[in-house]
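Thanks for coming. I will go through one structure today, starting with helix packing and then moving to hairpins and domains.

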2 protein chains.
Amino acid sequence: MSLRFAALGLLAQHPGSGYDLLKRFEKSMANVWPATQSQLYGELNRLADSGLIEVTAVGPRGRKEYRVTAAGRAELRRWITDPADDPPLRRPDLLRVFLLGELSPAAARSYAAGFADHAASELRRLEELRDSLHWDDDDAAFYGRAALEYGLRLAAMEKEWAAGLAVAIAERR
Amino acid sequence: MSLRFAALGLLAQHPGSGYDLLKRFEKSMANVWPATQSQLYGELNRLADSGLIEVTAVGPRGRKEYRVTAAGRAELRRWITDPADDPPLRRPDLLRVFLLGELSPAAARSYAAGFADHAASELRRLEELRDSLHWDDDDAAFYGRAALEYGLRLAAMEKEWAAGLAVAIAERR
DNA sequence: CTTCTCATGTAAGTGGTTACATGATTCA
DNA sequence: TGAATCATGTAACCACTTACATGAGAAG
């Protein structure tokens, strides 16, 4: 369901074509809800079928300019506000942690160290992203910054946790 | 793919029936990789077909006792060690954050406050879980504790982040 | 005129969810 | 004997991924 609202939300911020959306999507929401090109185009057609968005113009190369309808905006607000029973998290990397007992302590320690490295590089990536973005003062920028801050804190937390785990494994023999 | 290894991993720790697995699963891995009964049973059959596990006995009510094979253990170790390109995270709750600009500041603030509450109650749930579990000193317990520690830190981080966001929204008007 | 970017779509396959279906055994 | 628990399975549906297909317009 979520992709539906990601698309609707992007259109609520700015009208545009599927192609436009696709690119804006990569730079913002794809970090929390990745989707492919196929999926996006399909979703736009379904949104239009249900009257939540509409085609305002057809340009060159069959380009379709979309815009949110009043119904779409209402539906979007409903979803955001809803007390949401979101699908649970799926974390293969943490699943592996449960199973590290199957490995030698050295190999397990190495997995934890790799986890820490990965978190560290994600942290750097997000820091660069934060520094590279020219932040406007509108709502989209404000809340985008908030989501980025979440990512930064998450990466920092993971780095410390995994480093601590690596140490704990080493100390355990 | 991951559920396959969750099942394989549980069997590697202890042999048992699908039903047994299902219950052990709920109390450990389901927190990082939820799965349904249908899915588990299907996966066990597929694992048996590929020779990674085997049926050692058939009991009353058609109960099938499973055990990991040598091939299964090897495959499990391979997966844990693998430099994994894990599927990206999907977070509807953070997607909503991107779209809070569609709401009034009061409603957005309320969403952030709800986020913080949810994190706080998750934090309490995990603290209780930690205190209720009688921890053995084996590998499974050690790494299970590590995964739980991750959950605790995550919940604490989310609580603080969301509370901060709520304040920032309030201060912004 | 060829290459790049713009622009949209279809099809096959996989993994997951929900609901349904079935029946044996245990225990009060 | 009726309810709870043990125990396994099927079928329909939905979301997502990967790969493929097509073609118009811009720019050199």
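How are helix 2 of chain B and helix 3 of chain B oriented to each other? Before I answer, please keep in mind that this is a predicted model.

Helix 2 of chain B covers residues 18-27 and helix 3 of chain B covers residues 37-49. Two packed helices are described by the angle between their axes and by the distance between the axes. For this pair the angle is about 130 degrees, and the axes are 10 Å apart. Angles over 145 degrees would count as roughly antiparallel. Helix 2 of chain B and helix 3 of chain B are therefore oblique to each other. Their crossing is right-handed.

Helix 6 of chain A, residues 105-132, and helix 7 of chain A, residues 139-172, have axes that come within 8 Å and cross at roughly 160 degrees. These two helices are therefore roughly antiparallel to each other. Helix 6 of chain A passes helix 7 of chain A in a left-handed crossing. As for what makes up the contact of helix 6 of chain A with helix 7 of chain A, there are 22 nonpolar residues, six charged ones and one polar one.

Next, the strands. In chain B, strand 1 is residues 53-58 and strand 2 is residues 64-68, and the two pair in the antiparallel sense over five bridges. Starting from B:Ile53, the bridge partner in strand 2 of chain B is B:Val68. Further along, B:Val55 stands opposite B:Tyr66. In a regular strand the side chains alternate between the two faces of the sheet. The two strands of chain B form a hairpin with five residues between them, and B:Arg61 in the turn has a positive phi of about 50 degrees.

In chain A, strand 1 (residues 53-58) and strand 2 (residues 64-68) also pair in the antiparallel sense, over five bridges. Here I will point to A:Val58, which stands opposite A:Lys64 in strand 2 of chain A. This hairpin has five residues between the strands, and A:Arg61 takes a positive phi near 50 degrees.

Finally, domains. The domain assignment of chain A gives domain 1 as 2-81 and domain 2 as 92-172. Taken over C-alpha atoms, the centres of the two domains are separated by 31 Å.

UniProt, in an unreviewed entry, has the annotation "domain: Transcription regulator PadR N-terminal" on residues 8-77 of chain A. That span is 53% helix and 16% strand, and its end C-alpha atoms lie 10 Å apart. The unreviewed entry also lists "domain: Transcription regulator PadR C-terminal" for residues 90-162 of chain A. Over residues 90-162 the chain is 81% helix and 0% strand, with the end C-alpha atoms 18 Å apart.

That is what I have for today.

Conventions: Residues numbered from 1 in each chain as written. Chains lettered and ligands numbered in written order. Predicted model: local features only at pLDDT ≥ 70, side-chain atom pairs only at ≥ 80, totals over all residues. Heavy atoms only, no water. Axes fitted to C-alpha atoms, helices over the stretch in contact; angles between N-to-C directions. Helix = DSSP H or I, 4+ residues; strand = E, 2+ residues; numbered from the N terminus. Parallel < 35°, antiparallel > 145°, perpendicular 65-115°, else oblique. Left-handed = near helix turned anticlockwise from the far one by under 90°. Nonpolar A, V, L, I, M, F, W, Y, C, P; charged D, E, K, R; others polar. UniProt positions renumbered as here; feature names shortened; annotations may be inferred. Pairing = 2+ DSSP bridges. Domains from an automatic or database assignment.
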